[in-house]
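Here are a few exercises to work through with the model on your screen. Try each one yourself before you read the solution.

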Amino acid sequence: MTAQSEAANRYLTMAKTFFGTAHPLFNAFGIEIDEIGKGRAVMRMPSNVALSDRNGGLHRGVVVTLLDTNCGLAIFSRLGDMRPIATIDLRVDFIREAPPGEAVRAEVECYAVQGDIAYVKGKAVACSDDSLLASVSGSFAVGTLGPAFDATVTKGAE
Amino acid sequence: MSASGTEPLGICCAGLSELQKQVLDDTPYVHFLGLKVSREDDGTTCYQLCFREEHIGNPLLRTFHGGILASFGEIVAALHVVEDPGMQQQPLCTSLTFDYLRPAFAGTIRAVPRIVRAGRRFIVVSVDIFLDKSHVSTGRFIYAR
């Protein structure tokens, strides 16, 4: 295994531990991580009637929550650690509503970190046919209030 | 924060437009969030969200997730737009921008919506979110009629 893929695996484990087990929101949403590395992250969540809009597809607020979460993970993957970050601003354009019963995948890239600001862009697509549902861009403050997210995880792994 | 003078409207109380009732009744995600709608003595509508574990963004600081804040903002914006009895159908949210001004710690947050402009084709709505007196975030939402 190369050093790079080892690092990627380590972050995937770290992120899965953080996002997967103890987090009530990610549990409720059923968010799963498909991919993480090189400033890019891919997440997926299943259709869920409790989180749907009037038409039975995932509510746009749910899509924003998935995208915001995924932005964070993309930034962690670019930084190479999980120091605290906070969303400064987010823009989401809704191209199409999520169809009823459709799982949604989010793909986000952290394309720049300048000073204490990380910049992200990405999209949400329907899992079945990859059609575009929403696009996102935003900026995040790096090194904000509170302990690092991986502090407990790395400690736990040792 | 159900202070005296605020009367919970519930789902079918007077004062809500048909479309507002539809949004509240027929949107499962609104129930998941636990949005509360009440009417103040002065006739303005009050929108509140009490912190729950499912709203957590940062579990170490116990803050609202950014996506939950944006969801709250969007649903309030949508409810505010259809408060106008002249609206024939639920407009479609085509875009949002959201600024996070301060961390929104566990508590009851309140949203104050305002129509910036209701044009023939598009409606622009801004929503300010407060935790107590502190202005925690502000959003701008565009709806297509």
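**Exercise 1.** Find what percentage of the 158 residues in chain A is buried.

*Solution.* Start with the rule: a residue is buried if 20 or more other C-beta atoms lie within 10 Å of its own, exposed if 12 or fewer, and partly exposed in between, with C-beta atoms placed from the backbone. Applied to chain A, buried residues come to 44% of the 158. Keep in mind that this is a predicted model, where local features need pLDDT of at least 70, side-chain atom pairs count only at pLDDT 80 or more, and totals for chains, interfaces and linings use all residues. Residues are numbered from 1 along each chain as its sequence is written, while chains are lettered from A and ligands numbered from 1 in the order in which they are written.

**Exercise 2.** Work out how many helices and strands chain A has, and in which pattern.

*Solution.* Helices (H or I, at least four residues) and strands (E, at least two) are DSSP runs, numbered from the N terminus. Chain A has four helices and six strands. Going along the sequence, you get α-α-β-β-α-β-β-β-β-α.

**Exercise 3.** Decide whether N55(A) is buried or exposed, then find what N55(A) touches.

*Solution.* First, locate N55(A): look in the loop between β2 (40-45) and α3 (60-79) of chain A. Then check contacts, meaning two residues whose C-beta atoms, placed from the backbone, lie within 7 Å. Leaving out residues up to four places away in sequence, N55(A) touches E97(A) and P100(A). Finally, G101(A) is 46 residues from N55(A) in sequence, yet their C-alpha atoms are 9.9 Å apart in space.

**Exercise 4.** Check the span of helix α3 (residues 66-81) of chain B.

*Solution.* The expected span is 1.5 Å times one less than the number of residues. For the 16 residues of α3(B) that gives 22 Å, and the end C-alpha atoms are 22 Å apart, so the two agree. As for burial, 16 of the 16 residues of α3(B) are buried, so this helix is largely enclosed by the rest of the structure.

**Exercise 5.** Describe where chain B meets chain A.

*Solution.* Count first: 30 residues of chain B are in contact with 31 residues of chain A. On the chain B side, α2 (28-33), α3 and β4 (92-100) each supply at least two residues. The largest share, eight residues, comes from β4(B). Now look at the strands, which pair if DSSP finds at least two bridges between them. Five bridges join β3 (residues 85-94) of chain A to β4(B), and the two run antiparallel. In β4(B), L96(B) is the bridge partner of V92(A).
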